[in-house]
2 protein chains.
Amino acid sequence: MNAAYARLKDHNARLAALGEAAAVLHWDASAMMPRGGGAARGEQLAALAGTIHDLATAPWIADALAEAEAGGDWDAANLALMRRAHLRATALPTELVEASARANSACEKVWRDAKATSDFARVRPYLEEVLRLQRETAAALAAATGLSPYDALMEGYQRGVTAAEVEPVFAAYEAFLREALPRAEEIQAKRGPALPLAGPFPAAKQRELCRDLSLRIGLEADHSRLDESLHPFCGGTPTDVRITTFYSEDDLAKALMGVLHETGHALYERGLPAAWSRQPVGEAAGMAAHESQSLIVEMQASRSDAFLSFLGPKLRALFGGSEAAYATANLAKLWRHVERGFIRVDADELTYPAHVILRFRLERALIGGDLAIGDLPGAWAEGLKALLGIVPPDDARGCLQDIHWHDGAFGYFPSYTLGAMAAAQLMKAARAAEPGLDAALARGDMAPLLGWLRANVHAHGSRLGFQDLLRAATGKPLDPRDFQDHLTARYLDAA
Amino acid sequence: MNAAYARLKDHNARLAALGEAAAVLHWDASAMMPRGGGAARGEQLAALAGTIHDLATAPWIADALAEAEAGGDWDAANLALMRRAHLRATALPTELVEASARANSACEKVWRDAKATSDFARVRPYLEEVLRLQRETAAALAAATGLSPYDALMEGYQRGVTAAEVEPVFAAYEAFLREALPRAEEIQAKRGPALPLAGPFPAAKQRELCRDLSLRIGLEADHSRLDESLHPFCGGTPTDVRITTFYSEDDLAKALMGVLHETGHALYERGLPAAWSRQPVGEAAGMAAHESQSLIVEMQASRSDAFLSFLGPKLRALFGGSEAAYATANLAKLWRHVERGFIRVDADELTYPAHVILRFRLERALIGGDLAIGDLPGAWAEGLKALLGIVPPDDARGCLQDIHWHDGAFGYFPSYTLGAMAAAQLMKAARAAEPGLDAALARGDMAPLLGWLRANVHAHGSRLGFQDLLRAATGKPLDPRDFQDHLTARYLDAA
């Protein structure tokens, strides 16, 4: 490693520390800040973002990157990531970045009202402006990177996988779903409805339960918090991860499964290589990789029969209710219930990919110039009909439901389903490597799973792109059959 | 106002927003952060401090400051403050600023444990490093400003006061105290002991009471928080002020008076001129001015007979107990009790200045190189003996009790007593201007006092230095006789 590379490493450490500061302020804005602090918080975050951007694109950096030399896998990967980030940052004129930030902010604000009143016409001109600037952004990134415009946007969320690779995987899933969904519904109908869990579930008790579970499955009290916010998320920094949730006293599963999901994200952050902290190669490998870690904890592990058999008696002791209601088979009926719905965030794991496939196709067409914003509601309705056989009754339950596009995020959606598929593939490999994994889950013990994930996923940081990470961990690139096998076993094989 | 000045104003707005980010992170570190986040928080604060310093000392600024022209009192004062800040900032190399931030953060963390176990040896090497860097800082600032090293540090907390001005004021107080303290003790002994308030006082009830009082006397719920931390403080930003306290279930006064004190600080921040927000002239006038605002609320207003007569029945309704215990005269005995004690933050207003005088003398000697950290415990014991006639039984109750030095704050302590003196002077002027002030206090209403403070102190921001602010508000510079008159009336005249 030469002097230029050493200087770049120091510089990155400072930029990352400023990024961590912004992450804590974002968490605070959602979990702690009084309403009246909002305008000032906007100034603080804008100042941080502007400062980070200025520092990341300072004139000396191009020369240093050209001169830099780094030996060894990790340093070489680190330098390559620095170069890539610089290429992307300098590809965009400042005016475009600023215009996008303004347009996104304006659109997001109008969207909140438009969604509440299901008034697409209201947000349409704002969304058109957001899209226009995103297409300009995509074109500039494409010119710099040699990727297609849509891939260039997607790379900002998940490196190492292209739309051309995603498309056949999603097409195969669509074909699978066409047969699997009616069959799963049929099996479900034959089994009859679940016994409801008798609420209310006091928020204070839920909070204690969620925190206990979060710690039990591997999070350390000294390095984490659990708080409340309207929209649950995992924020903070790798040594200080901060989960938020929202307690509904009528619905136990919402916070419970939500916190287990966010704990998966948090454990990934905790497991990142500390020796590379605040360097690009020490970060998580991307949004799909991140989602694989939340879903392997929530969907693969926590909703398994084994873990439910541990959870049932614990919940019953805490909240009271009948033994039958908290029996594993009943919890499975409740928390592995399949249903064709309009809302992505409420969807079960079988139909969830259909929501993502719809958005993936629409946003590719929008970025490609093959679909106009004015035609979005119609295209949405058609697409959902083709995938799930249902048509949203209004735009609030259609193309207005997600914040993403209205905040300028195009190319993010595939990460959800790539993560779900990766989670199944990783779980299969972990089970093969750790024969006691399911027996441990039945004791509420995720140590075997977590140990394997730490060694085979977390410890890599972002040294490997999405496909290479899967290759290293499971011996093959993304293989959607593992996800289909998981769904078949869980929803289609059972008597 | 010319282009250079306009550019400097924009630049200051960004720097101030980054400073606000740091303020929120400091609050978070004390009130929210899990222990394991400490090291990363140190990096984040160091990166912010370093970045702010770099931006504040960018080469173009010297030229812009030379070119800048600003008309009108406020802009002229703003520009003068920018020039002074630049002079101070350019006096310090970036490496020194960053090393200090890191050393302070490390020392503060160790101090928490050292204090808990009264283990001065544990923190000693960290404190030595903090002092070494502070002496370097003081020398660099002294060279740039022409002040003495200690004055140069003190100016960072309160502009326009020198140690040479403070010294005779403190010496006079020492002389006053030598006679006043035995006399106050004698009067107190004659009156007999107070009836104790019957605890325990549940923390949850105290929290609600403290929040209610804080809002009642003028803080807005949408612009403030009340949380817990080991060392109570008022942090955050002017539109989002964050008070912390520490609840003792045996001692009602601790959190109650603490929160009233911090509310005084918070009201000052809330009352600063919004039109000058994120500009030097829009900030508070300094730490002594700040302390005058906390002490006028806590010591002058809240411990007055009038306010105690409002508070007593309210507290009795909340916690139960005898009418006699909550009578004004008894609360006055309890909460205006004079006692020679070891702990500054527990001291009454008569002996408090002695604690400050001790620290003022010791820190001047430390910065001057006339006292080594290793000799601090002994010098502390001697000094306290000379001032109050008592010797601390251990270092936890001696030189480990305060966070200040362990967090790199030298030159801060005089502000407490300058503030106490200013509070008495301002209260006298407010009473003269608002004849209904005491009658309002008896109804728990601080609006007349707050209205006067907003107009005569808060609204000035830092347009005026400490002495000029007092001149504008009271018609004269700091006059310690008002404080002695207040103490005489409260502790020495009463039958």
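Predicted model: local features only at pLDDT ≥ 70, side-chain atom pairs only at ≥ 80, totals over all residues.
Local features here need pLDDT of at least 70, side-chain atom pairs count only at pLDDT 80 or more, and totals for chains, interfaces and linings use all residues. Residues are numbered from 1 along each chain as its sequence is written, while chains are lettered from A and ligands numbered from 1 in the order in which they are written.

Chain A comes first. Its domain assignment gives domain 1 (1-91) and domain 2 (160-495); such bounds come from an automatic or database assignment. The centres of these two domains of chain A, taken over C-alpha atoms, are 29 Å apart. In chain A, 19 residues of domain 1 are in contact with 16 residues of domain 2, contact meaning that C-beta atoms, placed from the backbone, lie within 7 Å. On the domain 1 side, α1 and α4 (73-91) of chain A each give two or more residues, and α1(A) gives the most, with twelve. Helices (H or I, at least four residues) and strands (E, at least two) are DSSP runs, numbered from the N terminus.

Next is the sheet. Three strands of chain A form an open sheet in the order β1-β3-β2, with mixed pairing; strands pair if DSSP finds at least two bridges between them. β1 and β2 (234-237) of chain A are the edge strands, each pairing on one side only. β2(A) and β3 (residues 240-245) of chain A run antiparallel and are joined by four bridges. A:Gly235 has A:Arg242 in β3(A) as its bridge partner. α1(A) packs on this sheet, touching β1, β2 and β3 of chain A, and its direction makes about 140° with that of β2(A).

In chain B, consider two helices. The axes of α1 (residues 3-31) and α2 (residues 38-56) of chain B come within 10 Å and cross at roughly 160°. Axes are lines fitted to C-alpha atoms, for helices over the stretch in contact, and angles run from 0 to 180 degrees between N-to-C directions. The crossing angle makes α1(B) roughly antiparallel to α2(B), a label for angles over 145 degrees. Among the residues that meet in this pair are B:Leu18 and B:Leu25 of α1(B), and B:Leu45 and B:Ile52 of α2(B).

Finally, how many residues of chain A are in contact with chain B? There are 31, and they touch 31 residues of chain B. α1 (3-31), α2 (38-56) and β1 (224-228) of chain A each give two or more residues to the chain A side.

Notes:
Contact = placed C-beta atoms within 7 Å. Parallel < 35°, antiparallel > 145°, perpendicular 65-115°, else oblique.
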